[in-house]
Amino acid sequence: MTDAAIPRFTGDASPYAGGDPYADHRTADFPFTHLVDLADRRLGAGVIAANDEFFAERENLLKPGPAVFDPEHFGHKGKIMDGWETRRRRGVSAAEPHPTPDDHDWALVRLGAPGVIRGIVLDTAHFRGNYPQAVSVEGASLPGSPSPEDLLAPDVKWTTLVPRTPVGGHAANGFAVDAEQRFTHLRINQHPDGGIARLRVYGEVAPDPAWLTALGTFDLAALENGGQVEDASDRFYSPATNTIQPGRSRKMDDGWETRRRRDRGNDWIRYRLAVQSEIRAVEIDTAYLKGNSAGWAALSVRDGEDGDWSEVLPRTRLQPDTNHRFVLDAPVRATHVRIDIFPDGGISRLRLYGSLTDEGAAGLAARHRELGG
């Protein structure tokens, strides 16, 4: 279901008249975009099938960053668009030239991290007169790695997340979702045809407890394992969520960097682990942060929503562009973790290695059942 309070955009945008192609892009501040993008390619998301991608391939939907528009870029099929674009649908005959009300195009999306979806953005940037009249989105939850044929089987249960809703061209069309379920795949529908530049799926990761139990020791803070950033002192140059993305940082803005402080304070990030866990080892990476890495860092933990913070790693000197490893003297039980950097700068990744406590494992399994897993 959707939230009527979220701005809606309908109708064509003005034809491109030169200059900044985003100057008249219609958008809004959606209340869910601070959450993790479950359809992030870095988490393993993919567009695994589409019924039509004649003008522009389906994979563009999940590309990082905003869609790019080049007014002079044409190919042998027509205008090259940075999005997913299908051909124009036609009726069955000269007497019935228009598509039927049920005609539509679709794409199947595998989420990079299964989870509870809180909001979806379907951005039609640069599709000014060739966007869909309406969109709808459905979600399903299947174990393993199902094929497109598996997902399209008649016995698969699809839950409507966004009912068929008119959208606008050259606009970020946002929808709040309130289905308290765990989803692994989406079906994106364009009615009857057209183009969508980008898909973003915001929510909370709901990891598989059987998988984490089998792993034993794993990164407790990682996005794909249910870790999340609760708050941060500064997000000026890049989001704090970058610090728990998969893999090592590959460039400076793939980490977390704060503005330069001109006071006597310090910057910090507060994390929530998926459930109560025991931390045994810590990595603090400053990859690609060379003249702007944090000078020092300290790590504190808390067990419970209102517990006291306890320092487990005292203020320690950090080196630029370096992965720092620390083995704790004894396992530390925690549900929340805070890293303080001094005085400012940034880190690229934080890794917290350990395992679930018995209480944490039981809680995760119960939540998994509640979400239909």
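# A tour of a predicted model

Start with the whole protein selected. With 373 residues, a compact globule would have a radius of gyration near 21 Å, and the protein has 23 Å, which agrees. That radius is taken over C-alpha atoms, and the globule rule is 2.2 Å times the number of residues to the power 0.38. This is a predicted model, in which local features need pLDDT of at least 70 and side-chain atom pairs count only at pLDDT 80 or more, while totals for chains, interfaces and linings use all residues. Residues are numbered from 1 along each chain as its sequence is written, and side-chain values use heavy atoms, with hydrogens and water left out.

**The whole chain**

Switch to a cartoon view. The protein has three helices and 21 strands; these are DSSP runs, numbered from the N terminus, with helices being H or I of at least four residues and strands E of at least two. Along the principal axes, the C-alpha atoms fill a box of roughly 80 × 50 × 35 Å. Of the 373 residues, 53% are buried. Buried means under 20% relative accessible area, exposed means over 50%, and partly exposed lies in between (1.4 Å probe, protein chains only). Among contacts with a separation of 6 or more, 79% are between residues 24 or more positions apart; a contact means heavy atoms within 4.5 Å.

**Strand S21**

Select residues 349-356, which form strand S21. Two strands pair if DSSP finds at least two bridges between them. Show Glu283 and, opposite this residue in S21, Arg351.

**Ser233**

Next select Ser233, in the loop between strand S14 (228-232) and strand S15 (256-257). Its relative accessible area is 28%, so Ser233 is partly exposed. Which residues does Ser233 contact, leaving aside neighbours within four places in sequence? They are Trp256, Arg261, Asp267 and Trp268. For a distance to draw in the viewer, take Ser233 and Tyr288: their C-alpha atoms are separated by 21 Å, and the two residues are 55 apart along the chain.

**Aromatic rings**

A search of the whole structure finds five aromatic pairs. Rings of Phe, Tyr and Trp (its six-membered ring) pair if their centres lie within 6.5 Å; planes under 30 degrees apart count as stacked, over 60 as edge-to-face and the rest as tilted. Select Tyr16 and Phe69, an edge-to-face pair with 5.1 Å centre to centre and 70° between the planes. This pair links distant parts of the chain, 53 residues apart: Tyr16 is in the segment before strand S1 (36-37), and Phe69 is in the loop between strand S2 (46-50) and strand S3 (74-75). Tyr16 is partly exposed, at 29% relative accessible area.

Move to Phe54 and Phe55. Their ring centres are 5.0 Å apart and their planes are at 85°, so this pair is edge-to-face. Phe54 is partly exposed at 27% relative accessibility, and Phe55 is partly exposed at 26%. Then show Phe30, Phe32 and Tyr202, which ring pairs link into a cluster.

**Charges over rings**

End with Arg315, whose charged end sits over the ring of Phe342, 3.7 Å from its centre. The charged end of Lys79 sits over the ring of Phe74, 5.6 Å from its centre. A charge sits over a ring if NZ of Lys or CZ of Arg is within 6 Å of the ring centre and within 35 degrees of the ring normal.
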